[in-house]
Amino acid sequence: MGTYLKIAWRTLHREKLYAAINIAGLGLAIACSIVLALYLESELTYDQHNVLHERIFRIDNEFSIGGGNDRFAVTSVVLGEMLKESYPEIIDYVRFRPTALGEGNTQLIRHEEQAYYWEDVYFTDDNVFEIFTHEILYGDPATALVDPSSVAVSETFARRYFGDENPIGKTVTTDAGRPLSISLVFADLPDNTHMKYDMLLSYNADFLRTPQDTTQRRQALTGVNGYTFLLMPEGYDPQDFTEISAAFYDRNIRPLLEPAGGSWRAWLEPLSGIHLNADAGYDRPTGNIYYIYGFAAVGIFILLVACINYVNLSTARAARRARSVGIRKILGVGRWALVAQFLGEALLFALIAAVAGVVLVEVVLSFTPLEALIGKSLDLDLIGVPWLALAILGFSLLLGVVAGLYPAVYLSSWAPLTALVGSTRASRGNVLFRQVLVFAQFAISISVIAATLLMSAQMRYIQNASLGFSPENRLMISVRGVDLIERLPAIIADLETDSRILGITTVPTIMGQTFPMNILGFEGANGAIDRVTMSHMPVGEGFLEVMNMQLVAGRDFSQRLLTDVGQSVIVNEAMVRRMGWDEPLGKQALVPAGAGVSQGRVIGVVSDFNFQSLRSSVEPLAMYSFVDDFSNVDEINRPFIRRFLMLNIAGEEVAGVLRMLEQKFADLDPTHPFEYLFLDDALNDLYASEQNLMTLVGIFAGVCILIACLGLYGLSAFTTEQRTKEIGIRKVLGASSLQIVTMLAQNVLLLVLAGAVVGSIGAYFAIDEWLAGFAYRAGVNPVVFVLATCVAAAVAFATIALQSSGTARSDPANALRYE
Amino acid sequence: MLIETTELTKRFRTELIETTALDKVSLGIDEGQFVSIMGPSGCGKSTLLHILGLIDSPSDGSYRFLGEDVSRYPESKRSQLRKLNIGFIFQSFNLIDELTVYENVELPLLYARVPAGERKQKVDSVLERMDIGHRRDHFPSQLSGGQQQRVAVARAVVNRPKLILADEPTGNLDSANGSEVMRILLRLHEEGASILMVTHSAENAAFSQRTVRMLDGKVIGQDQTVQ
């Protein structure tokens, strides 16, 4: 093998252009494969850093009421406890209760002069460190959360307030002034953790105590407030939980739900499967298995294109190797020794390409925003993770074998005399094979380009789609704490005097985020109250006007009508369809009002608007006025009540208004940092994962085309060289340079066209599958396929022209003297 | 007898045309003989050389090499016979460009699975004999035509083959180098090698013991050379 590698190295040296093209193509493909492999490895191993991950399951559940089925990743906080008491096969349970469900789960934590907001803060049981694996930096995990006022924090949290100091025993305070003593510091959770947090509060606080009375516990089972995980025995089959769920439901929940026509069931979601497989509401952000398939497919495509390049170039240049092959065969070389020699060359290329690929990955990760694009950090730690280097080496060598096998077998197959006298000028079969390869390359490249363009069209459609309201220049300001909320009428009255502000209202949450869902009651066809699980939200005065929503029946809320507060409801058209109302106005409604429920009537119907992601169709929604009665709110919870001020600002005045508001709120509420966001930005963030996917696929499409063109460049160099005499003759007979280039390119362009047909069909089916995940679709525009084909053809023509124009423009005599 | 052909025929067929390159050639060559084959271009002498060198097979007739009928041998068997018994010298040298002089000459020994120590000894010896040892680490592109042909001769004889086939060995050389190569071949013959040489040159043919004349695929005469 040493001799083979020595010869391979010399061959590489002698044919630098060919070597450079092959190494560039293979190196790019290896680099893309490494990046994709790191990404896929992260996505496919979510939560597997937990030692017990195979035994940890999350309970997901579904409520069926009023004809609808609603799946939740959150359950009642008493569920775990009650299950463990009744079923000995459940070894343990742990809960993560958000301090608020949905967007409001952020906490302002202060230490001396420092105050920062922290997202995803949870109350959790003190056994959490026995079940979930954390790298403990300071503190005792067995006792860290026993004390109700203790808090376990991440390394990032600790550094933010205390630098490199050991923070154990230090005190931080919540927004409500509640002191928390830091009892444990854990290393930041890995990127590929579904449930991320920087703070864990003790569940042993008095105000979190769960009822012990059976009736109260059963009542509590119908609410959802937190994530519940079970620790089961080794080898436990989650299917077995179905029986437990059914028995538990029969004993504890059926008596409550059945009279209302409802039911409940639960199932276990394996911890390491949640990220890609879970499908329930109120979950943390999850991945998408289809994106995994898509990325894996793109990676395979790129490898295929690079291998095709190698095969094509090697077989096309076969005539150059013919003499060497012929001589060796005459001297008595065995066929497999020749195969080994050519494979040795391929392996050498692959090895060099592997080094180039690794260098390229390091450069890209260090100097480009690729990690931000993917939304995760990718670490190519070849020294710290030695098997990674071995894997890359092994993969590259395998790639070399795959790419080099056909050329090796082909080149070694000639009879000695055939090789020696140069009769290896491509047989018809070999020419056809190379054409099939070029066709395949461009079919792949065009399908990836078309897919990118179609995805881009869908994202543009979503961004421009009629949402049913106007998100532009809508500024949302976070208002925290009852004290500030109670001052809002005065604040709004003051702001309304500013002519730059076209309208102000209040909302409970950000449009597009998860809205509260509960069982509400509405008058059915027979006049009785039907129970309906549905989304609902309180709104401030002027909400419809500020959001530019259209009423299709009835009227808006009016502060002048006292009955409108707590007794009037506006529903959307989807709700009217759900209930089958011919005349919705005046229908009875039971809706939340402060801490309780209020009986009212439907006063208006608003045109459907997309209050959730455009992946989902519009669901029924009920809106009612805010009831600003905070008398029942415990002192300890007053700081945690949150609302958003929604302002419609004149477009050209946004910056100035923002500065004014920042100053005003600094005066109104000096204890909280100013928090704001623009609604259109928030909505765009809903589609961040699709945007990233689209950009990545676009980048890989570019890589595909680049590799294909590298190969085309090499092929056309060879073809031009072979046809130099013919070119000279044609020029003598009067052909122009453009005619020469076109002659050389026309075969390839035909292949590009043929590839376009197949590639377009493939892209159509792939994108159609992806679009199925959206309720609102741009549709598949055939112009996209034409555009992708034109791009590929133009790039191919330019490549060939670039390479062959020198010969095409040269003196014919040089060409005729060539041989 | 080293070589014996009986009505050896070779036909080449394309889509439209069939060409008879060799037409019932019957020939015998004993061991130790130096024979030239002469004739105009296209007479079939190279085709005959290729068949006798076991790098092509006849369409009809028979060919016995070292007493074995090799006419219908598959390439694998011919390859085996070739590497052990036949050395080739070509008009265009046919050295392998990516190998050094040493490595080119070593190739036949490698394929014959000669142990490394013995290979080194044989290659060094033959390079010295051909007076090309001082260029052992050079590549063919760095040598003159004469030097390349001497390397080719070294490669042809390093394995001490029973038969040396030379196809226009001086065709690409000037007269001085050509004479040098012919003197080498003569010396090899004097040392006992059997040589079959295709040539246009009567002057070169004069180095051999017998000249076979060909025309249109047939042997039209054989002359003993007066030396």
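Arg642(A) lies in strand β23 of chain A, where strands (E, at least two residues) and helices (H or I, at least four residues) are DSSP runs numbered from the N terminus. The model is a predicted one, in which local features need pLDDT of at least 70 and side-chain atom pairs count only at pLDDT 80 or more, while totals for chains, interfaces and linings use all residues. Residues are numbered from 1 along each chain as its sequence is written, chains are lettered from A and ligands numbered from 1 in the order in which they are written, and side-chain values use heavy atoms, with hydrogens and water left out.

Arg642(A) counts as buried because its relative accessibility is 16%, buried meaning under 20% relative accessible area, exposed over 50% and partly exposed in between (1.4 Å probe, protein chains only). The side chain of Arg642(A) makes a polar contact of 2.9 Å with that of Ser478(A), and another, of 3.4 Å, with the side chain of Glu675(A); a polar contact is a pair of N or O atoms within 3.5 Å, of which, within protein, one must be able to donate a hydrogen and the other to accept it, and residues adjacent in sequence count only if both atoms are side-chain atoms.

The buried residues of helix α21 of chain A, among them Val654(A), Leu658(A) and Phe665(A), pack against elements of chain A including β23 (642–649) and β14 (474–480), contact meaning heavy atoms within 4.5 Å.

In chain B, strands β1 (residues 3–13) and β2 (residues 18–29) pair in the antiparallel sense over eight bridges, pairing requiring at least two DSSP bridges between two strands. A hairpin of four residues joins β1(B) to β2(B), and Arg11(B) stands opposite Thr20(B) in β2(B).
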